[in-house]
Amino acid sequence: MNFKSDITIIGAGVVGLAIAAQLAHRGRTVYVLEKNERFGQETSSRHSGVIHSGIYYPAGSLKAKLCVEGNRLLYELCPKHGIGHKKLGKLIVAANDEETGQLQELKAKGQRNGAEGLRIISRSELKEMEPNVEGVAALLSPSTGIIDSHALMEHFVARAKDGGAEVAYNKEVVGIEKLGNGYKVTVDEGDTGKFSFETRILINCAGLYCDKIAELVGINIARAGYRLHYCKGEYFSVGGGKSKLVKRLIYPVPELKGTGLGVHVTLDLEGRMRLGPNTEYVDGIDYTVDSRHKQTFYNSAKKMLHFIEYEDLEPEMAGIRPKLQGPGEDVKDFVIRDESDKGLPGFINLIGIESPGLTSSPAIARYVADMVKATI
Ligand SMILES: Cc1cc2nc3c(=O)[nH]c(=O)nc-3n(C[C@H](O)[C@H](O)[C@H](O)COP(=O)(O)OP(=O)(O)OC[C@H]3O[C@@H](n4cnc5c(N)ncnc54)[C@H](O)[C@@H]3O)c2cc1C
């Protein structure tokens with residue numbers, strides 16, 4: 001054991017990096033350990049890049065609270081630090097009268113959560129705003145936007161390093177042992193072998209592997225309800241010069257008890273259009289896009305966007321959601337907790353940080369910083 005750290009964060013995705021940036025300015029030693037060669041190689045670069053407004057999540061949930069706060073924080077942070085973003089706005093489009101009723105419920109839910117400026121618009125207003133989108137009414141969310149998540153992570157890395165934190169790559173955490181006042185962490189560096197060190201606080205931001213990290217410290221993840229279900233989301237790009245035909249993000253009304261928000265239209269900062277993500281529970285991590293799903297994507301999109309042709313779609317990429325919600329189960333909230341009541345004070349678990357994890361990242365960082373303040 002050759003050194004001691006005050007705070008160690010496992011995982012250099014957007015969440016671990018946001019936390020490092022938040023904690024590094026408090027005069028303590030902070031390490032981020034990442035198993036890959038660079039930051040943000042997993043879920044944090046395989047998503048829709050949307051700054052959500054907080055509509056869908058159950059009232060009082062961490063998802064609702066941290067999404068709404070994260071949305072506000074990102075719109076403060078991005079212009080100040082030159083992080084690419086656009087507040088495009090989003091429309092959830094009802095295809096029939098029954099779905100229009102659901103828009104009212106979504107609006108009420110979003111307003112309770114604190115999502116800003118939600119408004120139901122009529123068919124004629126929809127036609128004015130988006131002449132190429134079909135629907136009988138829509139819910140407008142003006143504070144939804146898109147962000148360059150790579151630039152956001154670069155910003156968090158720079159801020160963490162400025163504050164004295166170290167972000168170390170090719171360091172896979174393979175062992176954790178509880179000590180009297182902290183944790184012994186064993187790290188595999190590949191060719192150079194393994195080493196161990198002590199840390200007072202250990203923060204688990206390991207994304208798709210967070211349940212494995214919880215297991216390493218001795219938590220019974222089945223009993224704690226921490227076992228992850230992987231849920232893949234594929235995207236198809238839309239070519240054929242169709243990108244300019246919508247100006248906003250266009251979503252269908254989500255299925256009740258659904259696992260995702262429904263295949264929707266996103267735009268990136270260059271204005272490229274893509275469809276996705278679908279939802280498919282999978283056993284392992286495999287990012288290939290199944291081209292046989294093209295017909296289903298086409299059918300979903302065609303309902304709202306009559307201009308789309310089957311030939312416009314090309315498989316693009318996929319991400320995997322680290323879900324606590326198993327197939328057929330109710331929506332589950334983020335787990336963010338200090339595990340003192342499991343005899344593990346100073347071990348902070350972040351489990352099931354699926355969407356809106358990107359949006360929430362700066363708010364999650366503040367939330368975790370408050371927990372750390374209460375501990376040391
Ligand atoms: C299809 C899809 C679409 C999404 N769309 C949006 C969206 O539009 N808006 C939004 O707000 N959110 C969205 N999300 C959610 C968002 O992408 C995630 O919540 C967020 O990226 C999670 O970040 P993270 O840092 O927790 O995890 P990750 O990015 O997965 O980072 C975890 C890191 O931990 C590292 N790690 C794991 N195990 C170890 C170990 N043993 N030792 C060292 N390092 C380890 C991994 O290598 C990885 O780099 C989407 C997610 C998906 C899958």
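Contact here means heavy atoms within 4.5 Å. With that cut-off, take Asp 211 as a way in. Leaving aside neighbours within four places in sequence, Asp 211 is in contact with Ile 221, Tyr 226, Arg 227 and Leu 228. Asp 211 sits in helix H6, residues 210–216. Its relative accessible area is 4%, so Asp 211 is buried. Buried means under 20% relative accessible area, exposed means over 50%, and partly exposed falls in between, with a 1.4 Å probe and protein chains only.

Some ground rules come next. This is a predicted model, in which local features need pLDDT of at least 70 and side-chain atom pairs count only at pLDDT 80 or more, while totals for chains, interfaces and linings use all residues. Residues are numbered from 1 along each chain as its sequence is written, and side-chain values use heavy atoms, with hydrogens and water left out.

Now the whole chain. It contains nine helices and 20 strands. These are DSSP runs numbered from the N terminus: helices are H or I with at least four residues, strands are E with at least two. The C-alpha trace spans about 65 × 40 × 40 Å along its principal axes. The radius of gyration is 21 Å, which agrees with the value near 21 Å for a compact globule of 376 residues. That radius is taken over C-alpha atoms, and the globule rule is 2.2 Å times the number of residues to the power 0.38.

Of the 376 residues, 56% count as buried. Among contacts between residues at least 6 apart in sequence, 72% join residues at least 24 apart. The accessible surface comes to about 15,800 Å², and 48% of this belongs to carbon and sulfur atoms. Accessible areas come from the Shrake-Rupley method with a 1.4 Å probe; for residues, only the protein chains shown count as cover.

Charge is next. The chain has 48 positive and 48 negative side chains, and the centres of the two sets lie 4 Å apart. Lys and Arg count as positive, Asp and Glu as negative; His and the chain ends are not counted. Each charge is placed at NZ of Lys, CZ of Arg, CG of Asp or CD of Glu.

Helix H1 covers residues 14–23. Ten of its ten residues are buried, so H1 is largely enclosed by the rest of the structure. Among them are Val 14, Leu 17, Ile 19, Gln 22 and Leu 23.

Turn to the rings. The structure holds six aromatic pairs. In one, Tyr 31 and Phe 197 have ring centres 6.4 Å apart and planes at 55°, so the pair is tilted. Rings of Phe, Tyr and Trp (its six-membered ring) pair if their centres lie within 6.5 Å; planes under 30 degrees apart count as stacked, over 60 as edge-to-face and the rest as tilted. Tyr 31 lies in strand E2 (residues 30–33) and Phe 197 in strand E12 (residues 194–204), so the pair ties together parts 166 residues apart in sequence. Both Tyr 31 and Phe 197 are buried.

A second pair joins Tyr 298 and Tyr 310 edge-to-face, 5.7 Å centre to centre with 85° between the planes. Tyr 298 is in helix H8 (residues 294–304), and Tyr 310 is in the loop between H8 and strand E18 (313–323), twelve residues apart. Tyr 298 is buried at 15% relative accessible area, whereas Tyr 310 is partly exposed at 32%.

Back to Tyr 31. Ring pairs link Tyr 31, Phe 195 and Phe 197 into a cluster. Tyr 31 has 19% relative accessibility and so counts as buried. Beyond neighbours within four places in sequence, its contacts are Phe 3, Ser 5, Ile 7, Thr 8, Ile 9 and Glu 166.

Last, the backbone. Most residues other than glycine have a negative phi, and most peptide bonds are trans. The bond from Gly 276 to Pro 277 is cis, with omega near -15°. Pro 277 lies in the loop between strands E16 (273–276) and E17 (280–282). The bond from Ser 355 to Pro 356 is also cis, with omega near 10°. Pro 356 lies in the loop between strand E20 (344–351) and helix H9 (357–375). Asn 170 is not a glycine, yet has a positive phi of about 55°. This residue is in the loop between strands E9 (166–168) and E10 (172–179). Asn 170 is partly exposed, at 38% relative accessible area.
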